[in-house]
Amino acid sequence: MLNGKRILLIVAGGIAAFKSQEMIRLLRKRGASVRCVLTEAGARFVTPLSLQALTEDRVYSDMFSLTDESEMGHIQLSRDADLLVVAPATANLLARMAAGLADDLASTVLLATDKPVLAAPAMNVRMWTHAATTANVETLKKRGVAFVGPNDGVMACNEYGPGRMSEPEEIVAAIESLLAQDRPLAGRQALVTSGPTREAIDPVRYISNHSSGKQGHAIAAALARLGAEVTLVSGPVTVADPAGVKVLKIDSADEMLAACLQAGAVDVAVCAAAVADWKAAKPTLAKIKKKPGAAPPTLELAPNPDILATLSKPGSKRPKLVVGFAAETENLVANAIDKRKRKGCDWIVANDVSPATGTFGGERNTVHLVSAEGVEDWPTLAKDEVAERLVGRIADRLGRPRPAAAAE
Ligand code: PMT
């Protein structure tokens, strides 16, 4: 249900903070990734270490930490999330949100975000029913903040009434219903290739390229966020596996082709991998020795299979939509137009990989979408924005799957 969704969980200081740990477990079980912002007061109830262990990600607390700000600023924390969840939302944090304060990392992220926000209040019954809290909640609701709870019950202070934070299952259900509203690729199968391939020359040396996998992995993650069931076939990369995506790790082009065919029939295939066009014709089992005085050995090459062209072949198993990439250093668009026709795919995403562009391994990309209808020039965007845009177009093209009885 939450495959590939990214939740930024803000844990404020209340006794209910202990429930955040069970919530993280439930969210991750459903395929979401969770990143935590822990307030100073929150850290009195749960430790950063326990949240870090459960999320398998670092925990963010300090607004002025140089490392946090350089590695993951408050804008980026919110940009990387599909939903911000404040649980527990204390009376104090709700008041600061309503007033628009930005005096710690949590309130700054909440002020800077353009993503949906869900708050799970938790406080003493008198604090919850106080006119100030009622007014703050009204203000926040008017601004679009969604609320779950609080529930009636006995509280830690032994009083009875509304103010108990909703149970983790209830909060997760509220998250699911908020995020379910926009999953146009639910029921669709997708295949993505990403990263470089490595072609062995001997057990020590190989032929490869500079692909980091950032662009391909971002596409796999974006497809999963829109509800698709995604298989990602990845060459050797250091970027993390996207949440909610099945990852098949390979080294060579031959292995990549085998893994793609193993993935079975899909609705859409996106080939973003930088596949080596050639491999060593006769890789050796033992390391090729350097012999003193002898001339350097000659490397004989053999062609690799073309995965994109194979997937594009007409037939009943052909995906409804096949998207390739074109990595060029000259005549970008003209070569991409030619490549689309030669390989038989529907769309080609053309990008310049000359060293000066920083496309290989960088955070941003400037692409042109080439289709039978023509060429669209996109502005320079972060790679995850290129992915969002491309996947939006894929969703437009594929639309929602038909009900089972009417399916092809
Ligand atoms: O990984 P990053 O650092 O984020 O960089 C992203 C990227 C530059 C690698 C990516 O945006 C990109 O351009 N990927 C395609 C790289 C490439 O191999 O382009 P090409 O023009 O050589 O190949 C054209 C298409 O055929 C590609 O879709 C490629 O995946 C596919 N191909 C190529 C050769 C082959 N033997 N089999 C293939 O399937």
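Asp267 and Arg188 meet through their side chains in a salt bridge, with N and O 3.4 Å apart. A salt bridge here is a side-chain nitrogen of Lys or Arg within 4 Å of a carboxyl oxygen of Asp or Glu. The pair joins distant parts of the chain, 79 residues apart. Asp267 sits in the loop between helix 11 (253-262) and strand 14 (268-271), and Arg188 in the loop between helix 9 (168-179) and strand 9. Helices (H or I, at least four residues) and strands (E, at least two) are DSSP runs, numbered from the N terminus. Asp267 is buried, at 8% relative accessible area. Arg188 is also buried, at 8%. Buried means under 20% relative accessible area, exposed over 50%, and partly exposed in between (1.4 Å probe, protein chains only).

The model is predicted: local features need pLDDT of at least 70, side-chain atom pairs count only at pLDDT 80 or more, and totals for chains, interfaces and linings use all residues. Residues are numbered from 1 along each chain as its sequence is written, and side-chain values use heavy atoms, with hydrogens and water left out.

The structure holds 26 salt bridges. Among them, Asp82 pairs with Arg225, the closest N and O atoms being 3.6 Å apart. These two residues lie 143 residues apart, Asp82 in the loop between helix 4 (74-79) and strand 4 (83-89), Arg225 in helix 10 (residues 214-225). Both are buried. A network of salt bridges links Asp82 and Arg225 with Arg6 and Glu388.

Arg205 forms a salt bridge with Asp202, at 2.4 Å between the closest N and O atoms. Arg205 counts as partly exposed because its relative accessibility is 35%. Asp202, at 3%, counts as buried.
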